[in-house]
Amino acid sequence: MSNPTSNPDSTPASNLGSTPTIESILHEDRLFQPPAELAAQAKFKSFSDYEAIYAKAKADPAAFWGELAQQELHWFEPWKQVLDWRPPFAKWFEGGKINISYNCLDRHLTTWRKNKAALIWEGEPGDSRTLTYAQLHREVCQMANVLKELGVQKGDRVGIYMPMIPEAAIAMLACARIGAPHSVVFGGFSAEALRDRLVDAQAKLVITADGGFRKDKVVALKEQVDNALANNAAPSVQNVLVVQRTKEPIIMETGRDHWWHELQTNASADCPAEPMNSEDMLFILYTSGSTGKPKGVVHTTAGYNLYTHVTTQWTFDLQDTDIYWCTADVGWITGHSYIVYGPLSNGATTVMYEGVPRPSNPGCFWDVIEKYGVTIFYTAPTAIRTFIKMGDQHPKARNLSSLRILGTVGEPINPEAWMWYHTVIGKERCPIVDTWWQTETGGFMITPLPGATPTKPGSATRPFPGILAEVVDLDGNPVADNEGGYLVITHPWPSMLRTVYGDDDRFRRTYWEHIAPKDGQYLYFAGDGARRDEDGYFWIMGRVDDVISVSGHRLGTMEIESALVSHPAVAEAAVVGRPDEVKGEDVVAFITLEGTYRGSDTLKSELKQHVVAEIGAIARPSDIRFADALPKTRSGKIMRRLLRTLASGQEVSGDTSTLEDRSVLDALREDA
């Protein structure tokens with residue numbers, strides 16, 4: 001998957017390069033068939049099943065989505081039109097009345113799922129909690145009534161700045177229940193980043209906690225909210241609702257701040273779901289890493305509900321007996337779509353974990369899988385590479401036999417990391433669904449179906465049924481097989497972003513004007529380079545602004561990184577370009593090593609030659625720098641922008657509010 005918080009806004013068409021191709025010369029020939037036992041019980045049991053449903057969706061997308069909407073969701077009133085497409089603006093299921101909180105909760109209460117575990121939560125210190133659908137419904141209704149008591153009405157925006165605790169999901173569902181669009185801000189963001197998002201969304205209320213636990217430390221969330229609101233910096237905010245999590249002392253401002261548990265005690269559990277128009281705004285989610293004004297991605301109710309529901313069900317071959325765990329944070333789109341809305345709409349049991357792998361507990365993820373018998377495990381390539389560096393002894397010391405499907409999200413996965421995941425975690429019996437999508441797309445766009453799609457390490461394989469994807473040049477013309485180009489979507493889909501909040505012009509400019517319209521047809525440009533092989537499989541080559549132009553050859557950074565990671569000494573690699581007067585750019589690689597290896601000139605030479613053997617001389621790094629760690633955002637993405645600055649010998653500037661550990665950047669600067 002591309003970075004789900006990707007920022008095509010930072011890549012104007014003029015910067016895409018005059019040469020419309022990106023060279024792709026890293027080859028991967030391994031092919032893995034779906035396990036026969038899983039395929040026999042799956043919804044889609046063969047590749048011909050996939051091809052049949054894909055052909056049906058392509059022939060008449062509106063009829064395809066309309067049939068699914070009728071079958072899979074509860075509607076208060078039926079829609080009049082499946083799709084109203086006025087490029088680049090789409091309306092789905094116009095005239096329909098629906099509520100996503102009702103679809104996630106109420107409709108399950110008349111079935112056996114009423115007493116099924118809806119949410120299993122594990123706290124970082126080891127505390128835990130399980131909520132059935134009936135219990136989750138009750139708490140959501142209580143919080144919806146609390147919001148009403150605090151003056152929140154249909155259409156009001158609510159900011160959510162929370163740790164990974166059940167109340168975060170409850171808050172989201174409570175907002176959706178009364179028609180108040182939420183704007184979740186990742187709990188690792190700074191007070192300044194929080195303030196900017198609250199101001200842009202004109203939030204009326206903020207829901208937070210006294211603090212949260214992360215890597216054995218208490219994160220003071222309420223203090224950050226206080227700083228964000230200081231001096232009336234976000235004047236639209238009238239109230240702050242505070243969950244008691246850490247019980248650390250905090251300041252409660254009289255009249256503005258309220259304890260969640262105190263208001264919940266007397267709140268009624270009777271709160272009928274508000275019938276919402278299909279195109280009513282469900283949430284705003286701000287993309288990270290952008291410069292200037294935050295970019296609020298707007299998602300609406302019905303199309304998002306349908307798409308996250310169906311993609312969760314089909315991509316993970318979801319069964320009623322599954323214990324499903326997505327390791328993302330609810331502050332990102334992955335947490336919205338595949339911890340909360342998608343799984344709960346299907347009546348699944350979804351796991352939420354507050355912690356992350358850390359030196360004091362490097363095997364914590366495997367502990368959770370063993371404790372709860374997790375069957376579907378969905379995590380990021382960054383986490384997988386961290387696990388590799390920590391050593392095989394941790395997963396091998398746990399019983400992971402409950403696992404049946406693995407998934408990856410967040411960025412393209414290196415083939416060798418894929419193979420480790422397949423072999424060490426999946427024991428060569430669990431299919432891997434490598435998903436490509438973004439904040440803006442709302443759900444999976446390119447992904448295997450685990451019982452049907454043969455997989456290739458490093459490829460997201462084929463588009464999801466109903467998604468029409470192409471690899472094109474700057475003029476919108478499809479490129480040849482195995483020729484790199486620009487990944488575009490050629491037809492609207494239900495969960496697509498509707499606009500940038502408050503800025504339709506920016507929406508059009510950012511997503512629809514990079515690639516020349518073909519015969520008047522608007523193409524959604526995803527911001528990523530890709531190639532499609534002779535089998536129709538898509539290989540994501542990374543952000544086009546991460547492409548390096550060496551002597552006229554445009555090379556995808558992901559392929560060079562994959563070549564480096566395939567060397568046994570390399571745990572993680574990040575490749576950037578450095579300006580060069582002769583070649584245009586040089587390749588510079590930042591590398592962390594496996595535990596027993598040490599950086600040396602000899603190893604640098606060996607790694608350079610390894611890249612030559614894997615790709616060719618044109619991709620040989622001119623400079624390799626060893627590091628104990630790479631600069632990452634709090635969601636685990638490598639901040640290549642900072643590495644490009646360091647490689648060029650410039651001073652780091654711009655927004656670093658998403659940086660997880662400032663000391664990593666300082667160490668790299670000292671070693672430069």
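Let me start with Thr 461, which is buried at 0% relative accessibility; buried here means under 20% relative accessible area, exposed over 50% and partly exposed in between, with a 1.4 Å probe and protein chains only. Thr 461 has a phi near 70°, positive although the residue is not glycine. You'll find Thr 461 in the loop between β20 (432-434) and β21 (469-472); helices (H or I, at least four residues) and strands (E, at least two) are DSSP runs, numbered from the N terminus.

A quick word on the source, everyone. This is a predicted model, where local features need pLDDT of at least 70 and side-chain atom pairs count only at pLDDT 80 or more, while totals for chains, interfaces and linings use all residues. Residues are numbered from 1 along each chain as its sequence is written, and side-chain values use heavy atoms, with hydrogens and water left out.

Now, is Lys 247 buried or exposed? Lys 247 is exposed, at 64% relative accessible area. Its phi is also positive, near 65°, in a residue other than glycine, and Lys 247 sits in the loop between β11 (239-243) and β12 (257-259).

A salt bridge is a side-chain nitrogen of Lys or Arg within 4 Å of a carboxyl oxygen of Asp or Glu, and the count comes to 36. Asp 127 pairs with Arg 245, with the closest N and O atoms 2.6 Å apart. Asp 127 is in the loop between β4 (117-122) and β5 (128-132), and Arg 245 is in the loop between β11 and β12, 118 residues apart. Asp 127 is partly exposed at 29%, whereas Arg 245 is buried at 14%.

Which residue does Asp 533 bridge to? The partner is Lys 456, at 2.9 Å between the closest N and O atoms. Asp 533 lies in the loop between β24 (524-532) and β25 (538-543) and Lys 456 in the one between β20 and β21, so the pair ties together parts 77 residues apart in sequence. Both Asp 533 and Lys 456 are buried. Elsewhere, bridges with shared partners join Lys 222, Asp 226, Glu 253, Arg 256 and Asp 257 into one network. Within that group, Arg 256 and Glu 253 meet at 3.6 Å, N to O.

One last stop, friends: the peptide bond from Pro 87 to Pro 88 is cis, with omega near 0°. Pro 88 lies in the loop between β1 (81-86) and β2 (89-94).
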